[in-house]
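User: I would like to go through this structure with you. Could we take it topic by topic?
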Amino acid sequence: MSEMSVVVAGGCGFIGSHFIRLLLSACPDARILNLDLLTYAGNPANLADLATAPGLAFSRCDIADPDAVRSALTAWNVTPRYVVNLAAETHVDRSVLEPESFLRTNVLGTYTLLELCRGIPGVRFVQVSTDEVYGSLGGAGCFNEDSPLLPSSPYSASKASSDMLVRAWHKTYGLDAVITRSSNNYGPNQFPEKLIPLMILHASSGQELPVYGDGSNVRDWIHVVDHCVGILAAMRQGRAGGIYNFGGDSERTNLQVVNSIVDRICGHRDLIRFVPDRPAHDWRYALDSSRARSELGWRPEVRFEQGLSETIDWYLANDAWWRPILTGEYLRFREQWYGARR
Ligand SMILES: NC(=O)c1ccc[n+]([C@@H]2O[C@H](COP(=O)([O-])OP(=O)(O)OC[C@H]3O[C@@H](n4cnc5c(N)ncnc54)[C@H](O)[C@@H]3O)[C@@H](O)[C@H]2O)c1
């Protein structure tokens with residue numbers, strides 16, 4: 001078994017592609033198999049700069065299909081030391097409209113990967129999860145890893161369910177597994193349906209900026225690279241059965257974030273349109289990351305203002321990346337979702 005042999009599920013997505021890039025720069029000899037179904041959110045262009053990386057293999061594969069996953073592993077012909085699961089349906093709004101694919105990929109897909117790992121001696125499974133599994137906070141306090149799981153949306157319920165499966169496979173079958181839970185990520189290559197890229201692209205083209213409710217919901221923003229550094233640290237050094245929160249120490253209301261983007265791009269705050277809130281919209285998330293700091297020596301490095309400014313510059317300079325994905329399917333979803341909120 002090669003020491004750094006890693007199956008990354010969901011490596012063509014936003015966080016998965018940054019994770020693969022980080023892994024290859026930290027361990028240039030790593031052998032990596034990227035399993036990705038290439039849904040609307042999966043974009044091979046996210047890894048275009050690594051097209052010739054010798055250790056990186058790709059298989060288009062549905063993680064909820066056990067035969068497909070097994071064949072991909074057989075064809076790769078390497079025994080993985082780690083399986084890192086970043087494949088998921090991830091957009092909360094879509095989960096409200098069509099929950100089924102969230103259950104299939106996030107729950108059944110995780111189950112399939114856990115079962116695969118059960119047959120691989122010495123493998124470690126890393127489940128990349130989210131602060132949304134903890135539910136919503138009031139004005140004070142923050143979640144730690146022992147906080148109860150109280151998910152509110154079909155998305156967060158599917159993620160909490162998969163976390164529970166990982167815990168059960170660790171307890172029941174002794175599978176070496178680690179769970180990471182991070183706050184809201186931002187950075188380059190994020191699909192433009194998520195808040196920050198949506199607002200950047202709308203502000204730069206003079207379109208309305210839809211903000212839920214009165215914009216007072218609070219999120220704790222973490223730069224995607226800080227998150228990936230945390231996943232890598234948990235993968236290599238985390239305790240078997242351990243859960244690690246990764247927060248960005250950057251709580252902002254949605255309106256603060258949108259105002260910062262608009263002010264930087266065009267100054268037209270009149271483009272902001274408050275729209276009826278999403279059902280069960282959690283009011284605030286915040287994470288206590290002290291376990292990751294003390295056990296893994298991790299801390300977030302990117303200041304939000306700096307990271308946001310660089311992210312805005314990236315989107316403005318990379319229309320060749322985002323133009324091709326603003327296609328029929330995405331535009332239909334946007335019309336269905338925001339059209340109903342006019
Ligand atoms: N984005 C965030 O703010 C955030 C925060 C905390 C945790 N997470 C978690 O991190 C992980 C990655 O999130 P992201 O933002 O990069 O998501 P993303 O939507 O950008 O990418 C998801 C990837 O998974 C792939 N995928 C979807 N269904 C699949 C299937 N059935 N089989 C194989 N591949 C499939 C897609 O093609 C895509 O490449 C998810 O598990 C998510 O829950 C995300």
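User: Which residues are the closest to the ligand, and how many surround it?
Analyst: This is a predicted model. In it, 31 residues surround the ligand, and the closest are Gly-10, Gly-13, Ala-41, Gly-42 and Ala-88. The elements that contribute two or more residues to this shell are helix H1 (14-26), strand E2 (31-36), helix H4 (100-118), strand E5 (124-130) and strand E7 (184-186).

User: Which element gives the most to the shell around the ligand?
Analyst: H1 does, with 3 residues.

User: How do the residues of that shell divide into nonpolar, polar and charged?
Analyst: The shell around the ligand has 15 nonpolar, 12 polar and 4 charged residues.

User: Turning to the sheets, what is the strand order in the sheet of 7 strands?
Analyst: The order is E3-E2-E1-E4-E5-E6-E10, in an open sheet with parallel pairing. Strand E3 (56-60) and strand E10 (243-246) stand at the edges with a single partner strand each, so one side of each has no neighbour in the sheet. Ignoring direction, neighbouring strands of this sheet are turned by 20° against each other on average.

User: What packs on that sheet at E2 and E3?
Analyst: Helix H2 (residues 66-76) touches E2 and E3, and its direction makes about 155° with that of E2. Helix H7 (residues 224-237) lies across E4, E5, E6 and E10, running at about 160° to E6.

User: How many bridges join E1 to E4?
Analyst: Strand E1 (residues 5-9) and E4 run parallel and are joined by 4 bridges. Val-7 has Val-83 in E4 as its bridge partner. Val-83 is in turn the bridge partner of Phe-125 in E5, where strand E4 (residues 82-85) and E5 run parallel with 4 bridges between them.

User: And on the E6 side of E5, how many bridges are there?
Analyst: There are 7 bridges between E5 and strand E6 (residues 176-182), which pair in the parallel sense. One of the pairs has Val-128 with Thr-180 in E6 as its bridge partner.

User: Is E5 mostly covered or exposed?
Analyst: E5 is mostly covered, as 7 of its 7 residues are buried. Arg-124, Val-126, Val-128 and Thr-130 point one way from the strand, while Phe-125, Gln-127 and Ser-129 point the other way.

User: What about the sheet of 3 strands: which order and pairing does it have?
Analyst: It is an open sheet in the order E7-E9-E11, with mixed pairing. E7 and strand E11 (251-253) stand at the edges, each with a single partner strand, so one side of each lacks a neighbour in the sheet. The twist averages 50° from one strand to the next. Strand E9 (residues 218-223) pairs with E11 in the antiparallel sense over 3 bridges, and Asp-220 stands opposite Glu-251 in E11. H7 lies across E7 and E9, at about 70° to E9.

User: Changing topic, at what angle do H6 and H8 cross?
Analyst: The axes of helix H6 (residues 195-204) and helix H8 (residues 254-265) cross at roughly 35° and come within 9 Å. The crossing is right-handed. Among the contact residues are Leu-195, Ile-196 and Met-199 in H6, and Val-257, Val-258 and Ile-261 in H8. By class, this contact has 10 nonpolar, 2 polar and no charged residues.

User: Where is Ser-205, and is Ser-205 buried or exposed?
Analyst: Ser-205 is in the loop between H6 and strand E8 (209-212). Ser-205 is exposed because 9 other C-beta atoms lie within 10 Å, and a residue counts as exposed with 12 or fewer. The C-alpha atoms of Ser-205 and Ile-265 are separated by 9.8 Å, although these residues are 60 residues apart along the chain.

How values were computed
Residues numbered from 1 in each chain as written. Predicted model: local features only at pLDDT ≥ 70, side-chain atom pairs only at ≥ 80, totals over all residues. Near = placed C-beta within 6 Å. Nonpolar A, V, L, I, M, F, W, Y, C, P; charged D, E, K, R; others polar. Axes fitted to C-alpha atoms, helices over the stretch in contact; angles between N-to-C directions. Left-handed = near helix turned anticlockwise from the far one by under 90°. Contact = placed C-beta atoms within 7 Å. Pairing = 2+ DSSP bridges. Buried ≥ 20, exposed ≤ 12 C-beta atoms within 10 Å, placed from the backbone.
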